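Here is a friendly walk through one protein, told in questions and answers. Have a look at the model first.

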Amino acid sequence: TAMAQSGAAGGNMRGWLGVDLFQMIRSADVLGKTCLLILAGFSIVSWGVIVYKYLHIRQAVVQTDDFVGLCNAGSGNLDEAFKVAADFPVSPLAQILREAYLELELENWYREGYHLDAAGRVDLAKIGIERVFDRTITNEVTHLESRLTVLATTTSVAPFIGLFGTVWGIMVAFQSLGASGEISLSSLAPGLSTALLTTVGGLFCAIPASIFYNVLTTRVRILIARMDAFSLELSNIVQKQILKQAA
């Protein structure tokens with residue numbers, strides 16, 4: 001009964017893909033199976049990163065859209081925007097506003113301004129707040145791009161592991177052919193299985209990792225552009241607020 005179930009499973013696999021992968025794995029040599037295990041590890045890790053980063057970046061985009069929508073619908077007051085920003089912890093734009101507001105409140109540029117005139121307050125605030133923007137944007141970009149190097153590594157390394165297994169399998173096949181002196185499918189099977197499976201395994205790891213790496217980095221670049229535009233707009237608002245307070 002067990003043998004019948006195993007045969008049925010092999011038949012189902014062959015019906016799906018046109019080949020019996022389990023039989024090819026069993027026919028592969030030790031080095032071929034080792035390469036497949038390494039590629040399987042890369043694939044599992046990369047898919048975990050894909051799912052995690054996709055959800056993370058998607059949440060950042062959704063919260064950013066909601067945050068911008070609320071800010072546009074509000075009165076434009078920084079105090080009000082600061083209170084709203086607390087509800088969007090994943091949005092990089094909300095974090096930029098929070099850090100800028102805390103810096104403004106800490107330095108108290110609106111009221112004291114180091115006893116400078118309006119122009120001096122604006123210049124000083126512009127320098128300080130641009131440093132805050134640079135620091136916050138750098139932190140947010142680092143957070144958004146974290147773990148994406150795993151996908152880049154999988155994209156570059158997995159094909160070479162597959163190529164190594166391919167070359168090794170061909171070497172084994174030709175060595176078996178030279179040793180036997182005659183063509184025998186049973187003697188060629190381990191080498192050919194190793195060559196074919198590691199090639200497929202390397203492509204199976206690299207292709208999804210490459211696709212999602214490009215997709216996710218594109219979304220991160222869009223968020224970076226929005227952060228730059230938002231920081232410029234917020235800097236203008238802060239300068240206008242200082243001038244109003246001075247007047």
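Q: What percentage of the 247 residues of the protein count as buried?

A: Of the 247 residues, 37% count as buried. Buried means under 20% relative accessible area, exposed means over 50%, and partly exposed lies in between (1.4 Å probe, protein chains only). Please keep in mind that this is a predicted model, where local features need pLDDT of at least 70, side-chain atom pairs count only at pLDDT 80 or more, and totals for chains, interfaces and linings use all residues. Residues are numbered from 1 along each chain as its sequence is written, and side-chain values use heavy atoms, leaving out hydrogens and water.

Q: Why is Thr154 called buried?

A: Its relative accessible area is 0%, and the limit for buried is under 20%, so Thr154 is buried.

Q: Which residues does Thr154 touch, not counting those up to four places away in sequence?

A: Thr154 touches Phe42, Ser46, Pro159, Cys205, Ala206 and Ala209; a contact means heavy atoms within 4.5 Å.

Q: Why is Trp168 called partly exposed?

A: Trp168 has 33% relative accessibility. That value falls between 20% and 50%, so Trp168 counts as partly exposed.

Q: Where do Thr154 and Trp168 lie?

A: Thr154 is in helix α7, residues 148-180, and Trp168 lies in helix α7 too. Helices (H or I, at least four residues) and strands (E, at least two) are DSSP runs, numbered from the N terminus.

Q: How many helices and strands does the protein have?

A: There are 8 helices and 0 strands.
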